[in-house]
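Dear colleague,

I am handing over the structure that we spoke about, and below it you will find my notes on what was found in it. Please read them with the structure open beside you.

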Amino acid sequence: MEDKKKGGGGGASIGSGGRRRMAKKWVLRVGSSILIWTVVMQLTSIAQLWHPLLPRSWPTACFGSQGRDQNSTNYPILESKNMIKGKMASPAARLPRRVYKSNGYLLVSCNGGLNQMRAAICDMVTIARYLNLTFVIPELDKRSFWADTSDFGDIFDVIHFIDSLRDEIKIVKSLPHKFDTRVHRGLFSIPPISWSSETYYLKQVLPLIRKHKVLHFNKTDARLANNGLPIELQMLRCRVNYDALKFTPQIEAIADKIISALRKNGFFVVLHLRYEMDMLSFSGCTHGCSKAETDELTKMRYAYPWWKEKEIDSDHKRLEGLCPLTPEEMTLVLQALGISRNAQIYIASGQIYGGESRLAALKVAFPKIVRKEMLLSTDEFSPFKNHSTQMAALDYLVSVASDIFIPSYDGNMARVVEGHRRYNGYQKTILLDRKLLVELLDLYRDEKLSWDQFRSAVVEIHKNRIGQPTVRKVIPGRPKDEDYFYANPQECLSLPRSFM
């Protein structure tokens with residue numbers, strides 16, 4: 001009996017030890033799993049600091065669109081179904097169409113060049129979505145200096161544009177026939193107030209659309225505020241810009257050919273040299289121009305009534321940093337920044353005012369200067385030749401793809417490309433401080449600075465101006481002077497905590 005009891009007791013003891021060992025093993029497994037999960041989450045968090053944020057669902061407190069009573073009061077709503085885990089939803093996935101009762105049609109006539117119109121289209125789609133409207137494919141500017149006859153479909157992929165936003169808004173190629181005549185007579189045509197908040201569109205614009213069913217915006221540039229908008233609207237602006245507004249396959253194919261030709265030879269810099277006739281005339285910046293050229297630019301400025309500023313002090317404007325740098329000035333700046341003489345430099349611009357002679361100093365300093373027409377055959381280039389907006393689209397794509405992007409002026413293309421490069425992972429963009437540069441250039445020209453002093457000063461003032469994460473500058477009451485949303489769409493980016 002004692003042996004039985006001992007045996008029984010021994011058996012009980014062994015079973016208890018086994019359970020303890022098994023429990024210990026499970027604890028180790030669970031602990032290891034938790035540790036691995038923690039490491040993965042930390043790595044994910046770190047990775048997200050340097051990649052664009054993905055849109056999240058819009059507030060659940062707002063009305064949903066699917067299955068809503070079509071007879072219910074149709075308020076503007078804020079929700080989104082454009083998320084597929086890990087990336088933007090692709091139009092190829094055939095996003096579910098958002099069902100809603102439209103309050104009317106929004107027709108817009110864009111004004112300005114390619115990138116001014118691009119930003120405006122993003123704003124107009126966002127406004128139309130907020131007000132539950134049907135958006136009509138935009139009309140592009142054909143009256144400005146460039147006189148480009150291109151339509152929306154000549155530049156952007158219409159089907160992709162419509163399909164990629166179908167879960168947010170209904171987009172149609174044209175107005176129903178019954179509305180055409182009334183709109184083009186201008187009965188319901190207005191220019192929205194610049195830099196307006198969503199409240200303006202809700203309180204003042206929506207009642208007009210509900211009454212007339214169609215509203216035509218005859219001005220679209222800078223009609224939506226940079227700041228103070230709901231996060232969902234800001235993120236929709238990004239979605240339109242970086243996902244929906246895709247260039248036509250023809251434009252993308254030619255741009256890819258240019259980029260491939262540049263990449264074949266390695267590293268390349270894009271210099272956005274904003275020294276075309278229209279820019280100099282509009283801005284009144286005539287530094288480096290002859291008297292005859294200055295007179296020609298002034299005459300042109302007075303010929304365009306919608307260019308409001310006529311009498312301009314060029315010297316004062318230049319000293320304030322409000323003029324594009326000349327090709328000769330940019331040559332010195334590139335050298336001071338340490339750009340190699342052997343670097344490929346792609347000139348993104350229209351026709352340089354003064355012709356090829358104005359590029360002489362730049363070509364001597366950087367022999368590997370290239371332009372799109374140098375990298376394409378006559379057959380490839382000819383379809384774009386008389387369409388400045390389509391050529392600007394080629395320059396846009398090459399600029400976004402470059403190793404370094406350097407604009408000589410902060411116009412619309414420079415700022416929109418800057419924002420796109422931030423969105424793509426903070427690609428290097430050197431943002432020139434023209435006010436300080438002009439001062440340094442004049443001191444160097446007057447031999448009051450040596451080359452080494454000039455070079456060191458240029459490098460020092462630009463060490464923190466390379467397109468790194470930063471917070472948009474807000475100036476209440478002065479939206480024109482604050483940082484542009486499309487140059488730094490911070491709501492769509494994930495910034496390091498130190499920058500928040």
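**Strands and helices in the predicted model**

Strand S9, helix H13 (residues 360–365) and strand S10 make a right-handed β-α-β unit. Please keep in mind that this is a predicted model. Within the unit, S9 and S10 (residues 369–370) run parallel and are joined by two bridges, and Ile345 stands opposite Ile369 in S10. S9 also pairs in the parallel sense with strand S8 (residues 268–272), here over five bridges, with Gln344 in S9 as the bridge partner of Phe268.

In a regular strand, side chains alternate between the two faces of the sheet. Along S9, Gln344, Tyr346 and Ala348 point one way while Ile345 and Ile347 point the other way, and all are buried. Because five of the five residues of S9 (residues 344–348) are buried, the strand is largely enclosed by the rest of the structure.

Elsewhere there is an open sheet of five strands, in the order S5-S4-S3-S7-S6 and with parallel pairing. Strands S5 (170–172) and S6 (189–190) stand at the edges with a single partner strand each, so one side of each is left without a neighbour in the sheet. In this sheet, S3 (residues 105–108) and S7 (residues 214–217) pair in the parallel sense over four bridges, and the bridge partner of Val108 is Phe217 in S7. Helix H6 (residues 198–212) lies across S3, S6 and S7, and runs at about 125 degrees to S7.

With best wishes

Technical notes. Residues numbered from 1 in each chain as written. Predicted model: local features only at pLDDT ≥ 70, side-chain atom pairs only at ≥ 80, totals over all residues. Heavy atoms only, no water. Pairing = 2+ DSSP bridges. Contact = heavy atoms within 4.5 Å. Axes fitted to C-alpha atoms, helices over the stretch in contact; angles between N-to-C directions. Buried < 20%, exposed > 50% of the residue type's maximum accessible area, 1.4 Å probe, protein only. Right-handed = clockwise from strand over helix to strand, strands pointing away.
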